[in-house]
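Dear colleague,

I am passing on the structure we spoke about, with the sequence alongside, and would be glad if you could read it next to my notes below.

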Amino acid sequence: AGLWELASHAATALENSQHLQQVIDSKKQIAQQAAEQVQMIGQSESIKRLRNTVERVADTGLALLILGENGTGKEVVSQMVHYLSSRSDEPFIAVNCAALTETLLESELFGHEKGAFTDAHEARQGKFELASGGTLFLDEIGDLSLSGQAKLLRVLEEKVVVRVGGSIPIPTDARVIAATNQNLSEMVKEKRFREDLFFRLNVVTIELPPLRDRVDDIMLLAEHFLADFCTKARRTVPTFAPDAVTRMR
């Protein structure tokens, strides 16, 4: 009877181990597929330098601040950093700070316990918890209120979050990448952005060039998107007329 019991435990342990390995393999496959979708299109010198910088900082774990106008590819760069790092199998969580009202901010970033407020029908993890072990991308960081900035700074310093309505400190190991199209240095001088948070986020800065400064990449991008759209629409890929090329450039 003892041998049967031992064999039964061993079989269960083996099954659990195999299931765990399947979950790990599945996670890696999903991460690999997501990484293949992230591309930095361009052959200009500025894009080559950008690729080089991304490859150098990706696996350092350092906080990153990405600066650039709207549409320059800040989220693409943050995803590349994530997928080139040792955190690539863990979650990449993106948050648009401009969309967070003051009342939503704490619940969204830090989570809440059941009953913490009227609509809190169940406990919920915040973005810092969900991104633990992976990367948290905070887009439009310049739009955070001063109160929100103070709360974010505390989490970055202490590496723990406390859910709204809770009291238990929850450790978080999320790498933070922040991005903005605003001039944070000027905002610091004008007292609209906390200096201590600026220095905490500004460990490594990457500035993204606008497309008008890398005109030679325009057709590479146009052809990439055209081919992508035609593949999805199951249509033959047409070619751009010379006049269209001139107008785009």
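In S7, Glu207 is the bridge partner of Leu67. The two strands concerned, S1 and S7, pair in the parallel sense over four bridges. Please keep in mind throughout that this is a predicted model.

**The chain as a whole**

The protein chain has 10 helices and seven strands, and 37% of its 249 residues count as buried. It exposes about 14,900 Å², of which carbon and sulfur atoms supply 52%. Among contacts between residues at least 6 apart in sequence, 72% join residues that are at least 24 apart.

In soluble globular proteins, nonpolar side chains tend to be buried together. Here the largest nonpolar core has 30 residues, and those that touch the most other members are Phe128, Leu138, Ile141 and Phe193. At least two residues of this core are supplied by each of strand S2 (92-96), helix H4 (102-110), strand S3 (135-139), helix H6 (146-158), strand S6 (175-180), helix H7 (184-189) and helix H8 (195-201). H6 gives the largest share, with four residues. If residues up to four places away in sequence are not counted, Leu138 touches Val95, Cys97, Leu109, Leu152, Val176, Ile177, Ala178 and Ala179. Apart from this core lies another, of 18 residues, which includes Ile66, Val77, Phe92 and Val204.

**Two buried threonines**

Thr72 has its place in the loop between strand S1 (64-67) and helix H3 (74-83). With a relative accessible area of 14%, Thr72 falls under the 20% limit and therefore counts as buried. A polar atom of the Thr72 side chain lies 2.6 Å from the backbone oxygen of Glu69. Leaving aside neighbours within four places in sequence, Thr72 is in contact with Leu208, Pro209 and Pro210.

Thr172, for its part, is found in the loop between strand S5 (170-171) and S6, and at 8% relative accessibility Thr172 also counts as buried. What does the side chain of Thr172 have a polar atom 2.9 Å from? The atom in question is the backbone oxygen of Phe128, and Phe128 is one of the residues already named for touching the most other members of the largest nonpolar core. Not counting residues up to four places away in sequence, Thr172 touches Phe128, Ser132, Val155, Lys159, Val160 and Val161. Glu158 stands 14 residues from Thr172 along the chain, and the C-alpha atoms of these two residues are separated by 9.2 Å.

With best wishes

Technical notes. Residues numbered from 1 in each chain as written. Predicted model: local features only at pLDDT ≥ 70, side-chain atom pairs only at ≥ 80, totals over all residues. Heavy atoms only, no water. Core = buried A, V, L, I, M, F, W, Y, C linked by side-chain atoms within 4.5 Å. Buried < 20%, exposed > 50% of the residue type's maximum accessible area, 1.4 Å probe, protein only. Contact = heavy atoms within 4.5 Å. Polar contact = N/O pair within 3.5 Å; in protein donor to acceptor, adjacent residues only side chain to side chain. Pairing = 2+ DSSP bridges. Areas by Shrake-Rupley, 256 points an atom, 1.4 Å probe, with all protein chains shown as cover.
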